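This report describes selected side-chain contacts and charged pairs. The sequence and the structure are shown below.

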Amino acid sequence: MSKSITALICVLFLCMACGENYLPKPKGYNRIDLPEFAFTTLEEPFPYRFEHSVHSRVEPDHFNASEPYWINLHYPEFGAKVHFTYQPIGVGGKSLRMVLEDAVNLTAQHQVKAYGIEERVLRTPHGYTGVVAELSGEVPTQFQFFVTDSTRHFLRGALYFETAVKNDSLSPVIEYIKVDMMHLMNTVQFNPK
């Protein structure tokens, strides 16, 4: 009789357990509060200047100290950096063809992980040529660009995050920084020297 009582108790527990429907919680995303857009002019003595976000800090590029005009725009709130490299063109520098090849090769290195690369050419209000490359997929840099006057100056930027979070979760921040970078590109001015 003890086996039948044990079986009856098990059946009762099973029946009671099926009384309510429980659903798993849907996946959520971290809330990301984005600040208002506001800009300030780059103050350091560089062969270029532009307006950048007041929410970013200008930092020297410690990785390549031999290049005094290479900088990072650090967004500490987002764990993001936009790495800028500057190359003089012509006398004392590389040819335009060489720096363009370098820029294209650096973008092409991400084709292994990128689902796609969309490139656009633009003309800035100061008459410079710019190229924007937007990469989709789980790539280390989702947004790259350069601005050049085609004769003396070449400025390249690439967005990087200091996190392993998937890019779809970072999408609002990526879009926010893209707006900043488009403003920056449109305000670039090269020193005439």
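## Surroundings of T187

T187 touches R49, F50, E51 and H126, leaving aside residues up to four places away in sequence; contact here means heavy atoms within 4.5 Å. The side chain of T187 also reaches the backbone nitrogen of E51, at 2.9 Å. A polar contact is a pair of N or O atoms within 3.5 Å; within protein, one atom must be able to donate a hydrogen and the other to accept it, and residues adjacent in sequence count only if both atoms are side-chain atoms.

T187 belongs to helix α3, which covers residues 171-187. Helices (H or I, at least four residues) and strands (E, at least two) are DSSP runs, numbered from the N terminus. T187 counts as buried because its relative accessibility is 16%; buried means under 20% relative accessible area, exposed over 50%, and partly exposed in between (1.4 Å probe, protein chains only).

## Basis of the model

The model is predicted: local features need pLDDT of at least 70, side-chain atom pairs count only at pLDDT 80 or more, and totals for chains, interfaces and linings use all residues. Residues are numbered from 1 along each chain as its sequence is written, and side-chain values use heavy atoms, with hydrogens and water left out.

Side chains of opposite charge can pair when their charged atoms come close. A salt bridge is a side-chain nitrogen of Lys or Arg within 4 Å of a carboxyl oxygen of Asp or Glu, and by this rule the count comes to 9 salt bridges.

E59 takes part in a salt bridge with R57, with an N to O distance of 3.2 Å. E59 is buried, at 18% relative accessibility, while R57 is partly exposed, at 42%. K81 and E59 also meet in a salt bridge, at 3.6 Å from N to O. K81 lies in strand β6 (residues 80-88) and E59 in strand β4 (residues 57-60), so this pair ties together parts that are 22 residues apart in sequence. K81 counts as partly exposed because its relative accessibility is 25%.

## Further charged pairs

The side chains of D102 and K94 form a salt bridge at 2.9 Å, N to O. D102 is partly exposed, with a relative accessible area of 34%, and K94 is likewise partly exposed, at 31% relative accessibility.
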